[in-house]
Amino acid sequence: MANYKPLVGREWKYGIFDCYSIVRDYYALLGIDLPDYERPEDPDTCKSIFLNDAKKLNFYEVDIEQRKPNDVLIMKLWTKEPMHGAIYLKNDMILHQKFESLSCVEYLNHYYKRRTVGCFRYAA
């Protein structure tokens, strides 16, 4: 697991400090370079970037009950399609950057579990 503490407390800014940015930055701490994507003007009008490109990014889906540290959880929080990404840390804690919030570590509670549509692991 990476030392994620420098990623906590960042102010949300779409396309700069958003949920995909924190996923990219976390994986960079692990020595893995994920490409950046231009963000859609309206996230409600497109398909999930991560779900569409997971295989191309060298991720494969695992059952959420088999989650491990460093897995990426994809959630459907405020959009039609599942667009939110979070890093699973351990002990049911996640690192993520919510819309118009500071990046944080939170408990993977019932609310987030119900909205998780996929758990993805990087194929080392």
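Glu106 is partly exposed, with a relative accessible area of 22%, where buried means under 20%, exposed over 50% and partly exposed the range in between, computed with a 1.4 Å probe on protein chains only. Glu106 is joined to Lys98 by a salt bridge, with 3.3 Å between the closest N and O atoms, and Lys98 is itself buried, at a relative accessible area of 19%. Salt bridges with shared partners also link Arg67, Asp92 and Lys113 into one network. The model is predicted, and local features therefore require pLDDT of at least 70 and side-chain atom pairs pLDDT 80 or more, whereas totals for chains, interfaces and linings use all residues. Residues are numbered from 1 along each chain as its sequence is written, and side-chain values rest on heavy atoms, with hydrogens and water left out.

The protein chain contains three helices and six strands, arranged along the sequence in the pattern α-α-β-β-β-β-β-α-β; helices (H or I, at least four residues) and strands (E, at least two) are DSSP runs, numbered from the N terminus. The radius of gyration of the protein chain, taken over C-alpha atoms, is 13 Å, close to the 14 Å given by the globule rule for 124 residues (2.2 Å times the number of residues to the power 0.38), so the chain is as compact as a globular protein of that length. The C-alpha trace spans about 35 × 30 × 30 Å along its principal axes, and 44% of the 124 residues count as buried. Among contacts (heavy atoms within 4.5 Å) with a separation of 6 or more, 57% are between residues 24 or more positions apart.

In all, the structure holds seven salt bridges, each defined by a side-chain nitrogen of Lys or Arg within 4 Å of a carboxyl oxygen of Asp or Glu. In one of them the side chains of Arg10 and Asp25 meet at 2.6 Å, N to O. Because Arg10 belongs to the segment before α1 and Asp25 to helix α1, this pair ties together parts that lie 15 residues apart in sequence. Arg10 is buried at 12% relative accessible area, while Asp25 is partly exposed at 25%. In another, Asp53 and Lys56 meet through their side chains at 3.7 Å, N to O; Asp53 is buried, with 14% relative accessibility, and Lys56 is exposed, with 65%.

Helix α1 covers residues 19-29, and its buried residues are Cys19, Tyr20, Ser21, Ile22, Val23, Tyr26 and Tyr27. The elements that cover these buried residues include the strands β1 (59-62), β2 (72-75), β3 (84-88), β4 (93-96) and β6 (116-122). The N-terminal end of α1 is capped by Asp18, a side-chain oxygen of which lies 3.3 Å from the backbone nitrogen of Tyr20. After α1 comes Gly31, with a positive phi near 85°.

Arg67, in the loop between β1 and β2, counts as buried at 16% relative accessibility. A polar atom of the Arg67 side chain lies 2.7 Å from the backbone oxygen of Ile64, and the side chains of Arg67 and Asp92 make a polar contact of 2.7 Å. Apart from neighbours within four places in sequence, Arg67 is in contact with Tyr88, Asp92, Leu108, Lys113, Cys119 and Arg121. A polar contact here is a pair of N or O atoms within 3.5 Å; within protein, one must be able to donate a hydrogen and the other to accept it, and residues adjacent in sequence count only if both atoms are side-chain atoms.
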